[in-house]
Amino acid sequence: MGRIRRVICAAATAIVALAPVSCAQRDGEYVLHYTTYSSPTSDQSRTVQRWAQEVEQLTDGAVQVRFHYSQSLVGADESLQATLDGRADLAQVGSIYSASDLSMYTVIELPFETKNPEVQMRATERLYTENATYRDDFDRQGVSLLFPLPVGIAVLGLDESARVPTELGGRSIRSGGLTSEALLAVGANPVAMTATDVYESMERGIVDGYTSLAIANLPTFGLAKSTPNLIDPGIGTYGSSIVVINAEVLARMPSEIQDALAQASENAIVNGLEEMDALGDRACADLREAGTPLSAMPADAVQDWKQRAGIDRQWVDRYTERGYDAEGVLADFRRIIAEESQRSSYADPFVECLKGQDR
């Protein structure tokens, strides 16, 4: 039995108080409602679609998933709560929206920690099973982690290129989460806006650039053919999203259904990387067709940026004051990153695109 399967079964066994939920169950069949802020064609939605198809096959149609895309059911910042109050059974939960409810999960979005999305996804999964402080937030909220979704490394799209981080000073750049704190450290002005507004804001000169997006996101928002300069700023993975299930819904299911959900979840990381690669390849082709210059900031300048920003220490201090063993969570996060980095040969689609340009 795999790690995810063991954890899902253990979590379900631990639930003893059951409450009404949105899951429609009749004659041994289940309809699970999934809320997501992603579009139907995104790599993240495609990953969940593949998971749902596998679950349906494994259960001979006894479990079906109904998708509610693009915040059509609830807003992105309500998705976790929606699984608890019965509006949904499954939800895509983003780290950027999780500071209050899943505080320790936000360690995943610390910048400058890894440039390998597979490593980050494995760390998200392993922290849930290996660190009690990290896991406790999920248990307290009444949800179980099923699997992480693909998020690539941060790219930086600019009207005028920048060779080093300090050249971002004074520029207004669309950003979010802890990446905004990194931009502040070099004198940039982070601007909060939805990804759907970036194209028009760049065209009208409202912002000088954008980040907190990966290369696989660019075609969705019309940016693959319109970005003047695209840069790897060295931030690495900048955010995360996961699929969670209401723990009481899970506990109501027979063990064979729980096993099917867990078995499908064990394939989700590989499936997610495949979907992200496909969209990343499309974006790379669009960028090359448009003649967009691609570049990467030098490692020594990025290291100086990391030290100047001190975001990791700020994160530890902030949550230590709230009673968390944040130091222990960060230590385990970095231990897992080191271990998984030795195992993984995966390269982010932007890294591959940049290599192709240099050939």
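Which residues does a disulfide join, and at what S to S distance? I looked this up first. The disulfide (a pair of cysteine sulfur atoms within 2.5 Å) joins C284 to C353, with S to S at 2.1 Å.

I noted that this is a predicted model, in which local features need pLDDT of at least 70, side-chain atom pairs count only at pLDDT 80 or more, and totals for chains, interfaces and linings use all residues. Residues are numbered from 1 along each chain as its sequence is written, and side-chain values use heavy atoms, with hydrogens and water left out.

**Entry: the disulfide.** My search of the whole structure returned one disulfide. The pair links distant parts of the chain, 69 residues apart: C284 lies in helix α10 (residues 268–290) and C353 in helix α14 (residues 349–358). Helices here are DSSP runs of H or I with at least four residues, strands are runs of E with at least two, and both are numbered from the N terminus. I found the torsion about the S-S bond of C284 and C353 to be about 90°, so the disulfide is right-handed.

**Entry: burial.** I take buried as under 20% relative accessible area (1.4 Å probe, protein chains only). C284 is buried at 7% relative accessibility, and C353 is buried at 1%. Of the 359 residues of the protein chain, 58% count as buried.

**Entry: the fold.** I recorded 14 helices and 12 strands in the protein chain. Along its principal axes, the C-alpha trace spans about 60 × 45 × 35 Å. Among contacts (heavy atoms within 4.5 Å) between residues at least 6 apart in sequence, 79% join residues at least 24 apart.

Terms used. Buried means under 20% relative accessible area, exposed over 50%, partly exposed in between (1.4 Å probe, protein chains only).
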